[in-house]
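Open the model in your viewer and keep the selection panel at hand.

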Amino acid sequence: MNRGATARFRGAMDWLPAIRTARHYRRGWLRGDVVAGIAVGALMIPAGLGYAEVSGLPPVHGLYATIIPVLVYALIGPSRMLILGPDSALAPIIAAAIIPLAVTDPGRRVELAGVLAIEVGVILVLAGVFRLGFLTTLLAKPIRIGYLNGIALVVVLGQIPTLLGFSGAGDSILQVIVADWRGLVDGSVIPQAAAIGITGVVVILVLRRWRKTIPGVLIVVVGAMAFLALSGWRSEVPVVGAMPEGLPAPAIPSTNWADWVQLVGPAAGIALIAFADTSVLSRTFAARAGHTVNSNHEVGAVGLSNVAAGVLGGFPVSASSSRTAVADAAGGRSQLSAVTGAVLVLLVLLVIPGVTDYLPSSALAAVVIVAALSLVDVRTVFELFRIDKVEGALTIVAFLGVAILGVLEGILVAIALAFVGFIYSASRPYRAELGVVPGLRGYHDVSRYPQAERIAATLILRFDAPLFFANGALFDDWVRTELKAARASGRTIGTVVIAAEPITDIDSSAIDELVELDDYLSNHGVELVFAELKDPVREQLEKYRLSVDGRPRFTPGHFAPTLGSIVDEILDDDS
């Protein structure tokens, strides 16, 4: 093979990791991959059916959204273990986006879900092309936990009617609670359906706690179908119903331009959450396997998988933590495990599509409720309050945003909170006066080292954040306050030295504060010096071309390469 062909082949392996996996596949992996694929396939079917119902769609479309993305990602995805599919965190958002536009028309909802999947996919692909993977950091841990706790509440409350055999819905959590309560009080509960559903929840939870290796979900689904077939309750209990055979033909889901415009906002929110979840899970399993994953390649692969789902009757998907974990625990080593699971699901559609005619809807609700409960993380909420009350409060507000306002509005609340949290943290950074600790190199916080000795005629201060519009005034006021306190204690201060290494940026608003501070210090006979200011930040200062009385405001004398050099210079001048 010549060099050009070799280069092209390597390029293909970069963008089609399945080629590399196939070239380096080991025979010893085959058994583990097949076993893992069977285990995952057993989970894919009830999960796909259940999350489709939560999304407001006919259950079979959950299987379409299971098969297609898995096969596409297996070909182009960079992670060996990640398994895509319908997700409990996305299903309520999909429902909130499409149901108001098609309240009574399931076929119309299918079209809108396809549009949503394609838009999510396009957004993710563009994010990968323009290397915007960093945007997932918008959903910081406290906000993400609060949001997912809210999603769990939405899903559980929304599935209680199905679990108990009646129908109920609402546009908000309060309306859903009222509908649930009304169904209970009015006697709408179907005892047989409730018995199957509640038993299913108990069995899955008990097996998950007692023997994680036993597939509780599979046992509940198969057991419920067998019981319904033998008990004679078929006419009493609502069921999922038989599915159509095979897969739908590829098609653009809607040619109505208004549909695409209306769903852009929800698509952006789903894309953010999908990639945030996927990137965390992908990095986790890649680290376990000892390799790395390119985040931009990852987001592009998830995007193309969503586009394929939208064209073939599916809806938006993301990485599944439960199915990926099952594949890993069962010995899966490559995407062959995911492909095996998807093939099993396809076989069910082709060979026995009528099997779900005996699947109680309440059993499916039990599967969804337990999956949603796995999103709940109360312990971390308490931990966040213990460590940082602000982060704990952000978690609660994010939770309430989803629970009270709704899942779509909750996304906006979560993103807004992320910005507010960042600005709050950066606007109130740690600040310290520094001194010399005998026997310890460097300069250290005098509040933490009471034995620290201050430098004569010098006030050394450190501000642990970039200077920008939200903290520039704080910096100015703090330096003035520290200077007044030092002089009030009897010290003579001739130089204020800013230990500037943590200052990685200065914006125009902060520049104005620096100018005012420099004028204030000059008027009080004090020189301002920046020590260890990074060259890019210093160059940024120079771009503003600040001057005073026709000369540069910040001259070379305002900067020192190290704290030690400026202290030595000050001490030499004093001697």
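This is a predicted model: local features need pLDDT of at least 70, side-chain atom pairs count only at pLDDT 80 or more; totals for chains, interfaces and linings use all residues.

V436 sits in strand β3, residues 431-437. Now show its neighbours. Leaving out residues up to four places away in sequence, V436 touches G442, Y443, Q451, A452, E453 and I455. V436 and R454 are 18 residues apart along the chain, and their C-alpha atoms are separated by 6.4 Å.

Next, the largest pocket. It holds about 1,600 Å³ of space. Select R208, S321, S322, A325 and S374: of the 47 lining residues, these are the closest to the pocket centre. Then colour the elements that give two or more residues to the lining: α3 (29-54), α7, α9 (191-210), α10 (216-231), α12, β2 (318-319), α14 (321-329) and α16 (361-373). Colour the pocket lining by class and you get 27 nonpolar, 10 polar and 10 charged residues.

Last, go to the cavity. How many cavities of 30 Å³ or more does a search of the whole structure find? The search finds one. The largest cavity has a volume of about 40 Å³. Select its lining: L139, R144, Y147, L148, I273, A276 and D277. Helices α7 (141-164) and α12 (264-289) each give two or more residues to this lining. By class, the cavity lining has five nonpolar, no polar and two charged residues.

Technical notes
Residues are numbered from 1 along each chain as its sequence is written. Side-chain values use heavy atoms; hydrogens and water are left out. On a 1 Å grid over the protein atoms alone, a cavity is a set of points where a 1.4 Å probe fits but cannot get out, and a pocket is an open set with protein on both sides within 12 Å along at least five of seven lines; lining residues have an atom within 4 Å of a point. Grid points are joined across faces, edges and corners, and a volume is the space filled by probe spheres set on the points. Helices (H or I, at least four residues) and strands (E, at least two) are DSSP runs, numbered from the N terminus. Ala, Val, Leu, Ile, Met, Phe, Trp, Tyr, Cys and Pro count as nonpolar, Asp, Glu, Lys and Arg as charged, and the others, Gly among them, as polar. Contact means heavy atoms within 4.5 Å.
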